[in-house]
Amino acid sequence: MAKFDETPIVKDPAVNGVLSAPKLREHASAEVRCHPSKPKDTAAIDLPTERVPDWQERAVAKLGELLEKNKALRVYMDICVRCGACTDKCPFFLGTGDPQNFPVARAELMRKVYRRYFTPAGLFPDLGEAADFDEEMLQKWYTYFYQCSECRRCSVFCPYGIDTAEITIAAREIMASIGVATKYVTEVVAKVYSTGNNLGIPPAGWKDNCEFLESDVKEETGLSVRFPVDEKGAEVLLVPPSADNFANTDTMIGYGKLFHFLGVSWTTSTYCNEAGNFGLFLNFANLKKVNRRILDAARDLGVKTIIWGECGHAWRAGIYTPTLNGPMDDFEPPYPYHISQYIVDMLHKGAFEGHIDKSANDEYLVTYHDPCQSARAGYLIEEPREIIRAVCNRFVEMPDGTIRQKTFCCGAGNGLLTDEIMPIRMAGGKPRAMAVKHTGANYLATVCAICKAQLPESMHYWDVPVKVGGVIDLLARAIKM
Ligand code: SF4
Ligand code: SF4
């Protein structure tokens, strides 16, 4: 029994695992909103602690600044022809039926403000094409730009390539600049600066858990697999999502077993034991600052290679690293490197030859969920599948149109993984749940910590009996040490 108001959720079933557009339900999700930020968190991350007095002027000026800096944003403001091709592509529209969750309608919230202050249409407000950035508009921005997971699915179907996620990113940046942000996102970013990770785990707690995993693996397998911390001169710095060390421990164990098997020295860092970058969900300054910590930690420890763990938005932020934080020429490879790419490279080198027992995963019929940020934004599509095929006998794809570039959001990406908007999470997670159900799989593999937190809840809600886990978890089960 759900413990939240299910009214915003469309319950119509899928056909062959695919949802069709629901009947329109005006304002269905208008009342579902994230809790606002707290001054202690915004102060810690260099944002106003409350809404600034001249917020309207400041917001319009910020929009003008972004239009100048980001030419794509200005193009996206101008070129939409309202063809409607994107309308039924958004998981949050499919799950709520609220037409304000049409990507084009979401973006129109910004376009109206753009036209009002930056185009001649602003001289003719009665035509309805332009609107003031007033209290009512700000409230709509806050509601609906936080009902978008910046998943970019709509952009795949737009004949003009309009990326509504970029519009959401700009809207959140503008709101943050005037002191309007969510508690969840700001709290997480503040924790990164105070503890090194999104969960707020202090260094001693991180080390304790690594030692616990060492004894756990020893007890279970007899192997002395290490989970090293702050080891200077290690070959590899692994930057996992911190949730892997506490919630997705099979994934963390997977990293340990992999490096143990390969005989590669590795470490995590208590300065930066977080790949996840919530700055991406908030504003550019924090995106850059959070990402910078990875390079600082790697240089401080003197590692040769940085490997990003299984986390979707971490990877999206990660691939920007040379642009955000400067060249990576002192690392090998001199560009961001994902754990799935690393494993595939090892597979191609024959490192696992004769050491994989695929039958170890025979209890599972595996399907794969492409996280939006690693697949659509980060080009990691075939690598996870190649690993799964190498270590499992039984793999099934979800229906075409729901995977690879056209994957559906788990329902809680990019700052939506917070309980007060549970109806939105369950609604947005519905297309993915329906596609998984269609396969009959009993293991849902993915490479994202947010997906691994959301999917068990959405699968349970939509009555899909499936275990959710990492890709490396499956590899670790199959490696013969
Ligand atoms: S598909 Fe593109 S052009 Fe068409 S309505 Fe959507 S955003 Fe506008
Ligand atoms: S980016 Fe994703 S969540 Fe946002 S409007 Fe497009 S399809 Fe919907």
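**Entry 1: a term to settle**

I note the angle classes before anything else. Angles under 35 degrees count as roughly parallel, over 145 as roughly antiparallel, 65 to 115 as roughly perpendicular, and the rest as oblique. I also keep in mind that this is a predicted model.

**Entry 2: domains**

I looked up the domain assignment of the protein chain. It gives domain 1 as 48–180, domain 2 as 196–337 and domain 3 as 358–478. I then checked how far apart the C-alpha centres of domain 1 and domain 2 lie. The distance is 35 Å.

**Entry 3: α2 against α8**

I turned to helix α2, residues 55–69, and its packing with α8. Helix α8 covers 164–177. The two helices pack at an angle of about 140°, and their axes are 9 Å apart. I recorded the crossing of α2 and α8 as right-handed. On the α2 side, the contact is made by R58, A59, K62, L63 and L66. On the α8 side, A170, E173, I174 and S177 take part. I sorted this contact by class and found five nonpolar, one polar and three charged residues.

**Entry 4: α3 against α8**

Next I looked at helix α3, residues 71–79, which also packs with α8. The axes of α3 and α8 come within 10 Å and cross at roughly 110°. The pair is therefore roughly perpendicular. Which hand does the crossing of α3 and α8 have? I noted it as left-handed. Helix α3 brings A72, L73 and Y76 to the contact, and α8 brings E166, I167 and A170. The residues of this contact divide into five nonpolar, no polar and one charged.

**Entry 5: around ligand 2**

I moved on to ligand 2. There are 15 residues around it, and C90, P103, C148, C151 and C154 come nearest. Which helices each supply at least two residues of this shell? I found α5 (103–118), α7 (153–157) and α8 (164–177). Of the shell, α8 gives the most, with three residues. By class, the shell around ligand 2 holds seven nonpolar, three polar and five charged residues.

**Entry 6: what I keep**

How values were computed
Residues numbered from 1 in each chain as written. Chains lettered and ligands numbered in written order. Predicted model: local features only at pLDDT ≥ 70, side-chain atom pairs only at ≥ 80, totals over all residues. Domains from an automatic or database assignment. Near = placed C-beta within 6 Å. Helix = DSSP H or I, 4+ residues; strand = E, 2+ residues; numbered from the N terminus. Nonpolar A, V, L, I, M, F, W, Y, C, P; charged D, E, K, R; others polar. Axes fitted to C-alpha atoms, helices over the stretch in contact; angles between N-to-C directions. Left-handed = near helix turned anticlockwise from the far one by under 90°. Contact = placed C-beta atoms within 7 Å.
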